[in-house]
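Reader: I would like to learn how to read a single helix and its packing from a set of coordinates. Please take one case and go through it step by step.

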Amino acid sequence: MYEPIRAKSVHRVADDDRDGFPHRSREEELDIQLAGHLAALLAVTDELGETEAGELIARQVARLRGAPPARHAALSGAPAEALHRKAHALAGRALVVAASRADTAAAILAAERMDAHTAALGPAGDPQVATT
């Protein structure tokens with residue numbers, strides 16, 4: 001009464017194609033995310049002219065990526081206060097990811113950079129309310 005199925009089904013179980021594309025581990029994803037945050041922090045640090053801090057950040061990015069980072073070449077013309085606020089936020093993001101992946105060296109560096117940018121913003125200390 002029914003004709004037998006001669007062609008392969010177009011429907012597949014979700015696990016059938018599991019090896020069809022590469023997957024990254026959680027650790028690899030966190031490495032990529034941390035390297036990205038640190039590279040963005042490096043760009044702002046270079047624009048602020050903080051060479052010593054820039055070298056420390058560049059070493060961490062190189063460690064995570066396995067290659068030296070591209071260095072910031074152009075200036076945005078943003079005021080120093082805005083750059084310090086941006087750097088503080090980027091260092092905070094890096095700190096969260098570094099803590100998540102238990103990367104002590106990157107976490108210490110990020111915390112130090114947060115402190116440095118907070119201090120640069122003025123006596124209020126809080127980058128959200130400091131006015132200089």
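This is a predicted model: local features need pLDDT of at least 70, side-chain atom pairs count only at pLDDT 80 or more; totals for chains, interfaces and linings use all residues.

Reader: What span should the 15 residues of helix α2 have, and what do the end C-alpha atoms give?

Author: The rule is 1.5 Å a residue, so α2 (residues 51-65) should span 21 Å. Its end C-alpha atoms are 20 Å apart, which agrees.

Reader: Which residues of α2 are buried?

Author: Buried means under 20% relative accessible area. In α2 that holds for A53, G54, I57, A58, Q60, V61 and L64. They cover an arc of only 165° around the axis, so they lie on the same side of α2. On the face turned away from that buried side are the exposed residues T51, E52 and R59.

Reader: What do the buried residues of α2 pack against?

Author: Their partners are α1 (26-48) and α4 (104-121).

Reader: At what angle do α2 and α4 pack, and how far apart are their axes?

Author: The angle is about 150°, with the axes 11 Å apart. Angles over 145 degrees count as roughly antiparallel, and α2 and α4 are therefore roughly antiparallel to each other. The crossing of α2 past α4 is left-handed.

Reader: Which residues meet where α2 and α4 pack?

Author: From α2 come A53, L56, I57, Q60 and R63; from α4, A105, A106, L109 and R113. Among the α2 residues in this set, A53, I57 and Q60 are buried.

Key:
Residues are numbered from 1 along each chain as its sequence is written. Side-chain values use heavy atoms; hydrogens and water are left out. Helices (H or I, at least four residues) and strands (E, at least two) are DSSP runs, numbered from the N terminus. The expected span of a helix is 1.5 Å times one less than its number of residues. Buried means under 20% relative accessible area, exposed over 50%, partly exposed in between (1.4 Å probe, protein chains only). The arc is that of the directions from the helix axis to the C-beta atoms. Contact means heavy atoms within 4.5 Å. Axes are lines fitted to C-alpha atoms, for helices over the stretch in contact, and angles run from 0 to 180 degrees between N-to-C directions. Angles under 35 degrees count as roughly parallel, over 145 as roughly antiparallel, 65 to 115 as roughly perpendicular and the rest as oblique. A crossing is left-handed if the near helix is turned anticlockwise from the far one by less than a right angle, and right-handed if clockwise.
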